[in-house]
Amino acid sequence: MTDKIDARPQGKRTLLVCRSSGCPGSDKIIKRLEEQIEKLRLAAKVKPTGCHGFCQVGPTIIIEPDDVFYCQVSVDDVPEICNSHLRSQKHVSRLLYKDPITGETIPHYSDINFFKKQQRVLLKHCGHINPEDIKDYVAVGGYQSLRKALLNMTPEEIIGEVRKAGLRGRGGAGFPTATKWEFCRNAAGSVKYVICNADEGDPGAFMDRSILEANPHSVLEGLVIAGYAIGAGQGYIYCRAEKPLAIERIKIALSQMPEHGMVGDNILGSGFNFKIEVREGAGAFVCGEETALLASIESRRGMPRPRPPFPASSGLDGKPTVINNVKTLATIPVIIEHGADWFSNIGTEKSKGTAVFALTGKIANSGLVEVPMGTPLGQVIFDIGGGVARGKKLKAVLTGGPSGGCIPARFIDTPVDYDKLISLGSIMGSGGMVVLDETNCMVEIARFFLSFTQSESCGKCSPCRLGTRQMLEILTRITEGRGRESDIETLLKLSKTVKECSLCGLGQTSPNPVLSTIKYFREEYDAHIKEKKCPAAVCDALMISPCQHTCPVGINVPKYVAHVAAGEYHEAIDTIRERNPFPAICGRICHHPCELRCRRGELDDPVSIRLLKRFAADWYYSHNGKTPEPFPRLYNQRVAVVGAGPTGLSCAYFLAKTGYPVTVFEALPVGGGMLSVALPEFRLPRAVIQKEIDFIAAKGVEIRYNTPINVNFTVENLLKDGYKAVLIAAGAQRSQRLGVPGELEDVAGFYYGLRFLRDVRLGRQVKVGQKVAVIGGGNVALDAARTALRLGAAEVNILYRRTAEEMPVTEVENRETLAEGVRINFLVSPTRIVSQNWQVSGVQCIRMKLGELDESGRRRPIPIAGSEFIIETDTVIAAVGQAPDLSFLPPDSALERTRWETLAVNGNNLSTNINGVFAGGDFVTGPGMIIDAIAAGRRAALAIDKYLRGDTSRVDMYDLKSKSVEAVPPQETEESWEVKPKIEVPTLEVSRRKDSFNEIELGFSEDKARQEAKRCLRCDLET
């Protein structure tokens, strides 16, 4: 992109300035522009407009005919725009739009995906005409449809054209517009009314308001045509008083129409008389319902009445009345202008035309969006909306506002139309679309929207009045950690009653958010009720801080970070070890989910929690020379743990801390499990692992190495030897097979990832060739690839059948892997291992494309026919997954297994079908992250303690907020905040990595650690 403005048609420039309620300060910008243009004598004029839809980047200025789009403009930017762009023909680069996905600067309005990927029909002129000047509307063809309808068409022909077009009401129900008009026209009586419903009370919805602010004449034109079609002489626009700018512009437009003969008596000389009045509502949501709206216009309390009779036969003052939404009426002139055939070719078979959405929530580009009916949700969110904000993952989309439902990410390919959304438990509604990411709690979402509908209930019918109140009480109780296991069934029963028995649409649809979240996110309700845990770390009553709540082991993160900030490093490590006996290890390899929920990250960057943990641990081991005292022995019941991996050692540590004698049985000569034999030295030095194990042993845990539990010495033997409880924590140490031809372990140059890493870690001779191909996309694959480089490989390729976004590795590991020269090939899947004379010579692959979403919300990779190719290589490392190895159990073992060849356990207390035997960690769940393994060990310790004490209550892993809080340090009491990006940790230079296995991440210095710790906002101290 060049700073020089492209060659455009010469002449006077027009500066379109959005002057809508969503762009505060635009009046000052317009005034300053006019002053600068006059001062500099520029050939330009300023035109105030309504909303162009891209609210995320407002206030904006569009310069025509240059087609240049300036974002987030302030009054102070005006002189630079005038001098640089209008006078010197150079872009003001810092004000140009930057694509949130590519980071590319895009100067031209027409090239921005937000606009480029839409099909604007209703919104075509929004943001381009002056809504307060009828001449602007007429100049773009306004009121030509009214002229055509009144002078060239009969009312019956108009209704027929609308029917042929397939227009359905845009207010939410989707009732055929022509059918409603025909009912009213055929109703008895000479006095009839047509009403524009501009109430729009959905939270986050601003479609109708924006259209009325940006192009009120389009709605008024449609209203007059509707009046002519049904035989009405009076029209009303019902708009809530809290939309003053919309009301102001409607009134301005109405005042201009008589001068041009567009309203009043004998409109355009047709003999048709029609008047329009504006009625302001007090803001009751229920007045969006037709009969409640009628009551409000009649100066009665806005409450619905039973139907029939329907308004089309008995409406305002008992007269036949048509009520249409703003968008419905704005569509009428378009149909009359272009014809029914043109309109019906847009959209789907049963949902014609376009849909206008207010795209809001956790989206990069929020604003007004118009797309053809049938456009997939994913296209709206990712192509137009720019994807989920801040790199988070899409969780769900709520359509239809408080009356709609939450659609999970796995249905992102669903076409947007009336029937498809209903089939998923949602509705089109008036057009709200709220994007939800992984930081949204679905229980809280349901509670929020139900609280809105409950407070807006008019109270006329008891199912809505009482039912929504009872449902809200239950949802509130759940989010506060007081939920009961019977609550979900109660919610389902109440929802059914409220839906079937409520008088109006408000009550009938109010349970939709509850029903859809229970249907698609039942596990979140269970977590709130059973575990007292909010997976999204949103429900304030369930947590002390988001980071602590998200940590699988529940470390008091803010407390130990505050200790580091204060230079109290011993206290910091003590706080960590209350929940995690592996601080130095986790400080290096934890995937740190706590940082994803850090509230500091909403301002600039999350606090480097993992690295601060490492600093505290490394400080402890370098400054503490004394052997720690063992935990006091309080009980005599002995406990056995099978496996000295992170799950087993964590369980043993916490049981010893509780006061039990614990013995760990390990088959290998070293402890640490896969940490010791699979993770490369450059990620996790062996010395670090040994320090952690030595500490656990010093605290009173007995570890017996070279003592396998197998068919000769079984779990049953441990129980017979007097151990009162046994935890099986054998890990997931078996590599999964590829399942392709040529996968033979005897072929030279073929390895499985775990065995390859284990042999290297144990110092065995491992040979790799010059060209290495690693199959997989997880940590084992990346570790194997980086290890191969250090063993002398000249070229290493990773073959991964999915995309970069789906790789189950941390950003740090991915970044370091690429920095070292490993090439990652995405959407590539192996189909055969090629070998010659029992030596690997290549990998036959096929290219993949992404298909429909699977149950996990990821797109299924699908082979592309005819895309096969061969990668020449002399070494292949298969690293596609790990699985538990149950071969150590006797064939006649009574332990119950699952169909996935893991042990079947109780999800809460990890108990097996044998009394006193527990199992946890990767051995039960499959391969996971280290912090999850430690959490399983802690859960097992809590469960075993309860078992030995005869306590049958549930295991509770999470701390709830207490009434008292610790004193706030003086430096934490300041209310001011300034941008302070996180401090980057130094790393070993890339040039020094390939020749050694030295640790890459070097850790914080004391000064840098304290600086980083002081970035913590201490949200645990909020009251």
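What covers the buried residues of helix 6? The cover includes helix 5 (144-152), helix 7 (177-186), helix 9 (216-230), helix 12 (326-338) and helix 13 (340-344), going by contacts, meaning heavy atoms within 4.5 Å. This is a predicted model, in which local features need pLDDT of at least 70 and side-chain atom pairs count only at pLDDT 80 or more, while totals for chains, interfaces and linings use all residues. Residues are numbered from 1 along each chain as its sequence is written, and side-chain values use heavy atoms, with hydrogens and water left out.

Helix 6 itself runs over residues 155-165, and its buried residues are Pro155, Ile158, Ile159, Val162 and Ala165. Buried here stands for under 20% relative accessible area, with exposed over 50% and partly exposed in between (1.4 Å probe, protein chains only). Looking down the axis of helix 6, these buried residues fall within an arc of 125°, so they line one face of the helix; the arc is that of the directions from the helix axis to the C-beta atoms. Just after helix 6 comes Gly166, with a positive phi of about 75°.

Zooming out, the chain has 37 helices and 31 strands, where helices (H or I, at least four residues) and strands (E, at least two) are DSSP runs numbered from the N terminus. The radius of gyration of the chain is 34 Å, close to the 31 Å that the globule rule gives for 1023 residues, so the chain is as compact as a globular protein of that length. That radius is taken over C-alpha atoms, and the globule rule is 2.2 Å times the number of residues to the power 0.38. Along its principal axes, the C-alpha trace spans about 105 × 65 × 65 Å. Of the 1023 residues, 59% count as buried. Among contacts with a separation of 6 or more, 71% come from residues 24 or more positions apart.

Strand 7 (193-198) and strand 8 (234-240) run parallel and are joined by 6 bridges, with Cys196 opposite Ile237 in strand 8. Axes are lines fitted to C-alpha atoms, for helices over the stretch in contact, and angles run from 0 to 180 degrees between N-to-C directions.

Another open sheet has 5 strands in the order 21-29-22-23-24, again with parallel pairing. Strand 29 (875-878) is joined to strand 22 (771-775) by 4 bridges, and Ala878 is the bridge partner of Ile775. Strand 29 also pairs with strand 21 over 3 bridges, Val876 being the bridge partner of Phe750. Both faces of strand 29 are covered, with Thr875 and Ile877 buried on one side and Val876 and Ala878 on the other. Helix 33 (779-790) lies across strand 22, strand 23 (795-800) and strand 29, at about 170° to strand 23.

Note on methods. Pairing = 2+ DSSP bridges.
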